[in-house]
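Me: I'd like to learn how to read a fold like this one. Could you walk me through it, feature by feature?

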Amino acid sequence: QVQLVESGGGLVQPGGSLRLSCAASGSIFSIYDMGWFRQAPGKQRDLVARITSGGSTNYADSVKGRFTISRDNAKNTVYLQMNSLKPEDTAVYYCNADVLSVTVRRDYWGQGTQVTVSS
């Protein structure tokens with residue numbers, strides 16, 4: 001079994017910054033892509049940023065230049081540095097990882113962490 005545990009969400013004023021972390025643990029042989037998605041109330045869950053095991057990244061247009069995704073392969077951890085936050089960034093942020101474990105390769109999700117941008 002594999003678990004993803006997120007941390008770092010909270011309340012921040014517009015223009016502020018937050019850093020999210022997501023650590024994967026369990027029976028892991030290898031982790032391929034890792035990413036962050038977000039879901040605002042009444043909306044679908046959308047990709048925010050993704051990073052490959054080799055470090056290649058892609059971002060949603062709405063966060064380019066403001067958010068940075070990174071990962072530490074030795075720690076099985078992915079990060080999302082969020083700067084210049086806007087009220088429209090308010091959402092539950094979910095970590096996602098494509099993991100090869102003992103018996104299967106599949107996607108796993110974290111439990112979600114709330115990010116609220118408000119004055």
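Me: In which sense do strand 9 and strand 10 pair, and over how many bridges?

Reply: First, the ground rules: this is a predicted model, where local features need pLDDT of at least 70, side-chain atom pairs count only at pLDDT 80 or more, and totals for chains, interfaces and linings use all residues. Residues are numbered from 1 along each chain as its sequence is written, and side-chain values use heavy atoms, with hydrogens and water left out. Now the idea: two strands pair if DSSP finds at least two bridges between them. Here strand 9 (residues 91-101) and strand 10 (residues 105-109) run antiparallel, with 5 bridges. Leu100 sits opposite Arg105 of strand 10, and a hairpin of 3 residues links strand 9 to strand 10.

Me: How many helices and strands does the chain have?

Reply: Helices (H or I, at least four residues) and strands (E, at least two) are DSSP runs, numbered from the N terminus. The protein chain has 0 helices and 11 strands, so in sequence order you read β-β-β-β-β-β-β-β-β-β-β.

Me: Which strands does strand 8 pair with?

Reply: Strand 3 (residues 18-26) runs antiparallel to strand 8, joined by 6 bridges; Leu18 has Met82 as its bridge partner there. Strand 7 also pairs with strand 8 in the antiparallel sense, over 6 bridges, and Ser70 faces Tyr79. Strands 7 and 8 make a hairpin with 4 residues between them, and Asn76 in that turn has a positive phi of about 50 degrees.

Me: Is strand 8 mostly covered or mostly open?

Reply: Check relative accessible area: buried means under 20%, exposed over 50%, and partly exposed in between (1.4 Å probe, protein chains only). Strand 8 (residues 77-82) is mostly covered, with 5 of its 6 residues buried. Over the whole protein chain, 40% of the 119 residues are buried.

Me: Where is Phe67, and what does it touch?

Reply: Contact means heavy atoms within 4.5 Å. Phe67 belongs to strand 7 (residues 67-72) and counts as buried because its relative accessibility is 3%. Beyond residues up to four places away in sequence, Phe67 touches several others, including Arg38, Val48, Tyr59, Leu80, Met82 and Tyr93. Phe67 and Tyr93 lie 26 residues apart in sequence, with 13 Å between their C-alpha atoms.

Me: And Ala97: buried or exposed?

Reply: Ala97, in strand 9, is buried, since its relative accessible area is 0%. Gly35 is 62 residues away along the chain from Ala97, yet their C-alpha atoms are separated by 6.4 Å. For the protein chain as a whole, 54% of the contacts with a separation of 6 or more link residues 24 or more positions apart.

Me: What does the radius of gyration tell me about the chain?

Reply: It is taken over C-alpha atoms, and the globule rule is 2.2 Å times the number of residues to the power 0.38. For 119 residues a compact globule would have a radius near 14 Å, and the protein chain has 14 Å, so the two agree. Along the principal axes, the C-alpha atoms fill a box of roughly 45 × 25 × 20 Å.
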